[in-house]
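Thanks for asking me to look this one over.

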Amino acid sequence: MILLYICIKKAETILITIKRNFSKGGDQMSITIEEILLLPIFGDAKLISGEKGTHKEVRWVTILEVLDEITQLQSGELLITTAFDLLSNEDLIDNLIRNLQERNLSGIIIQTGYYLEAIPDRMIQESNKYHFPIIELPRTTTFSEITKIVHRNIMYNQFEKIKFSEELYKKLAGIAVSDNGLRPFTHLLSQLVKGDIAIFDKDLNELCYTVDPSLNFHNENLIKYLYPFKEDFENGSFLTKTIKDEEQHILISSVKSNNIFYGYIIALKSSKFDEFEEIAIQHTSTIAAVEFIKLSSLEKKDNQYKADFLELLLTGNYTDDLSIYSKGEVLGYKIGTYDTCVAIIKIDNYDKMLNLDKIESDLLHTILKKLDENGLQTMFKLFSGQFVLLISNRFTNRVNITKTLEKIADYIFEKFDVSLSVGIGNYYKDFKKYRNSYKEAQEALFIIESVWKGKKSLHINNLGLYQLLLPLFQDRNLIRDYHQKVLGNILDDEELIETLKVYLENTKLNEAADKLFIHRHTLKYRIKKIEKLTNRDINNFNDRVELEIALIIHNVFKAS
């Protein structure tokens with residue numbers, strides 16, 4: 001009830017704002033050049049040039065006789081003149097159209113028969129170059145009649161917009177508070193625009209749509225058109241985008257509220273969208289944001305329930321087995337049915353990052369989506385800079401969890417420039433052993449952070465000798481004594497430690513010397529010095545093993 005109340009109040013806030021804008025006129029009052037030319041008073045007028053610019057909107061008609069005084073003209077005005085001083089000014093003939101275009105005027109009406117018998121060719125050429133309409137008006141038509149009729153049509157057009165918007169507002173308001181989801185929005189818009197409507201979330205997942213069988217509606221086609229502009233919509237560069245595809249017209253409108261981007265409404269029809277249809281789609285996009293807010297709130301609540309349930313599983317703080325099975329069933333998880341492991345994903349350099357909430361949200365959303373694409377069911381709990389994931393794999397013979405998480409880490413780095421470290425535990429079907437997998441994932445992550453810092457992901461079974469040593473790290477005194485006993489005499493000499501490390505990794509003397517960038521005789525000298533100080537013979541199997549174990553401990557101590 002609280003959530004519904006919050007969402008309804010949010011809807012009312014958006015709706016009141018939109019209605020206030022409608023009442024003020026919303027968009028500036030206008031009519032296009034094309035519509036003006038259809039008025040009866042322009043029956044004898046002639047469009048001379050600039051035909052490609054007749055879509056331009058006219059917000060006002062201004063009469064001006066002296067054409068070298070255009071500095072007061074404003075964007076969207078339609079200039080009407082007798083061209084009193086045009087023929088006597090060559091510079092004006094050459095530059096007038098370009099100057100009017102730069103001031104973003106809609107066009108020019110020139111009345112011939114007084115001071116000008118024909119429009120100069122140079123002006124016609126400039127008009128076509130800039131798609132700036134020139135309309136020739138006979139001397140029989142008065143300027144006062146033109147301004148009165150055009151302004152009356154501008155006002156009437158705006159009145160129709162307001163009337164349409166008020167009716168649309170009532171319908172959208174009813175949908176917004178009905179709590180019936182997004183589908184009623186698509187049905188209403190489909191009726192208004194007489195075409196198909198689809199709603200996608202910000203990751204291009206289709207949420208709902210209506211389909212007219214006569215249209216070629218294909219999800220993948222729409223995504224193909226949308227994807228190149230995805231980033232522009234997300235950062236606010238685009239609010240709407242119109243695309244013409246063969247015989248179909250596509251209009252994309254962003255769903256956004258309080259600078260938070262939620263998704264897209266996409267309309268498809270066989271004919272061009274008119275002004276009223278565009279208004280309907282844009283306003284529906286604004287109010288549909290309320291539904292996205294509700295869905296987001298419900299998703300957060302659902303995720304919190306799952307996170308709490310995951311904590312129960314991994315801590316063992318539950319009363320009986322039946323409660324786990326029943327809670328899992330309610331949350332959509334068949335506990336104990338599939339092979340399940342725990343993976344811990346840590347954001348590297350977390351403390352140095354800005355805008356952490358958004359980064360965590362984007363990363364988590366991407367990780368979960370990629371896992372889902374691989375058929376993996378996931379529960380998660382978010383800690384500071386770490387995602388603890390419980391992953392159920394129905395296809396263990398087909399989906400390699402380690403390789404999958406490595407690919408996801410690579411994708412995250414490429415897309416977000418964020419480095420991840422991933423520790424992975426073993427699979428278990430018995431939910432009581434999920435805790436074991438959690439512990440194993442922690443141990444694998446510990447080794448990544450301590451020793452193998454260049455590795456993105458590590459499965460517990462790939463730890464090698466480190467896995468045997470991990471239990472010993474519980475007794476720090478024991479391993480510290482061993483570390484000191486074997487390497488104590490060379491611990492302060494980083495050169496000898498590095499030499500020992502490289503030599504143990506490379507059994508051939510020449511290869512080790514090359515890696516250390518020293519002569520092989522120098523390497524021999526250092527090896528003899530190490531053997532003397534450690535009282536160990538590197539060529540003796542037991543001594544060599546002791547040195548390798550002590551070096552592993554040294555690496556862990558050094559990292560931690």
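**Notes on the predicted model**

1. Let me start with charge pairs: the count comes to 16 salt bridges, taking a Lys or Arg side-chain nitrogen within 4 Å of a carboxyl oxygen of Asp or Glu. Please keep in mind throughout that this is a predicted model.

2. Glutamate 145 forms a salt bridge with lysine 148, and their closest N and O atoms are 3.1 Å apart. Both belong to helix α5 (residues 143-176), and because they are three residues apart there, about one helical turn separates them.

3. Next, the overall layout. The domain assignment of the protein gives domain 1 (31-155), domain 2 (180-296), domain 3 (320-461) and domain 4 (475-559). Between the C-alpha centres of domain 1 and domain 3 the distance is 67 Å.

4. Now to an open sheet of five strands, with mixed pairing and the order β2-β7-β6-β5-β4. Its edges are β2 (46-49) and β4 (60-63); each has a single partner strand, so one side of each lacks a neighbour in the sheet. From one strand to the next, the twist averages 25°.

5. Within that sheet, β5 (residues 77-81) and β6 (residues 107-111) run parallel and are joined by four bridges. If you want a place to look, isoleucine 80 has isoleucine 109 in β6 as its bridge partner. Helix α4 (residues 121-130) packs on the sheet, where it touches β2, β6 and β7 (134-137). The direction of α4 makes about 85° with that of β2.

6. A helix pair comes next: how do α6 and α9 run relative to each other? The axes of helix α6 (residues 183-193) and α9 come within 10 Å and cross at roughly 175°. An angle over 145 degrees counts as roughly antiparallel, and α6 and α9 are therefore roughly antiparallel to each other. On the α6 side, Phe185, Leu189, Leu192 and Val193 make the contact, meeting α9 residues that include Ala280, Ile281, Ile287 and Ala288. By class, this contact has eight nonpolar, one polar and two charged residues.

7. Helix α9 (residues 275-315) also lies across β13, β14 and β15, running at about 90° to β14. These strands belong to another open sheet of five, ordered β14-β15-β13-β16-β17, and the pairing is mixed. Here β14 (376-383) and β17 (457-459) stand at the edges with a single partner strand each, so one side of each is left without a neighbour in the sheet. Neighbouring strands are turned by 20° against each other on average, direction ignored.

8. Isoleucine 345 stands opposite phenylalanine 387 in β15. Helix α13 (residues 434-450) packs on the sheet as well, touching β13, β15, β16 (420-424) and β17. Its direction makes about 35° with that of β13.

9. Last, another helix pair. Helix α16 (residues 494-505) and helix α18 (residues 520-534) have axes that come within 10 Å and cross at roughly 105°, and α16 and α18 are therefore roughly perpendicular to each other. From α16, Glu495, Leu496, Thr499, Leu500 and Tyr503 take part; among their α18 partners are Leu523, Arg526, Ile527 and Lys529. The residues of this contact divide into seven nonpolar, one polar and three charged.

Technical notes
Residues are numbered from 1 along each chain as its sequence is written. This is a predicted model: local features need pLDDT of at least 70, side-chain atom pairs count only at pLDDT 80 or more; totals for chains, interfaces and linings use all residues. Side-chain values use heavy atoms; hydrogens and water are left out. Two strands pair if DSSP finds at least two bridges between them. Helices (H or I, at least four residues) and strands (E, at least two) are DSSP runs, numbered from the N terminus. Axes are lines fitted to C-alpha atoms, for helices over the stretch in contact, and angles run from 0 to 180 degrees between N-to-C directions. Contact means heavy atoms within 4.5 Å. Angles under 35 degrees count as roughly parallel, over 145 as roughly antiparallel, 65 to 115 as roughly perpendicular and the rest as oblique. Ala, Val, Leu, Ile, Met, Phe, Trp, Tyr, Cys and Pro count as nonpolar, Asp, Glu, Lys and Arg as charged, and the others, Gly among them, as polar. Domain bounds come from an automatic or database domain assignment.
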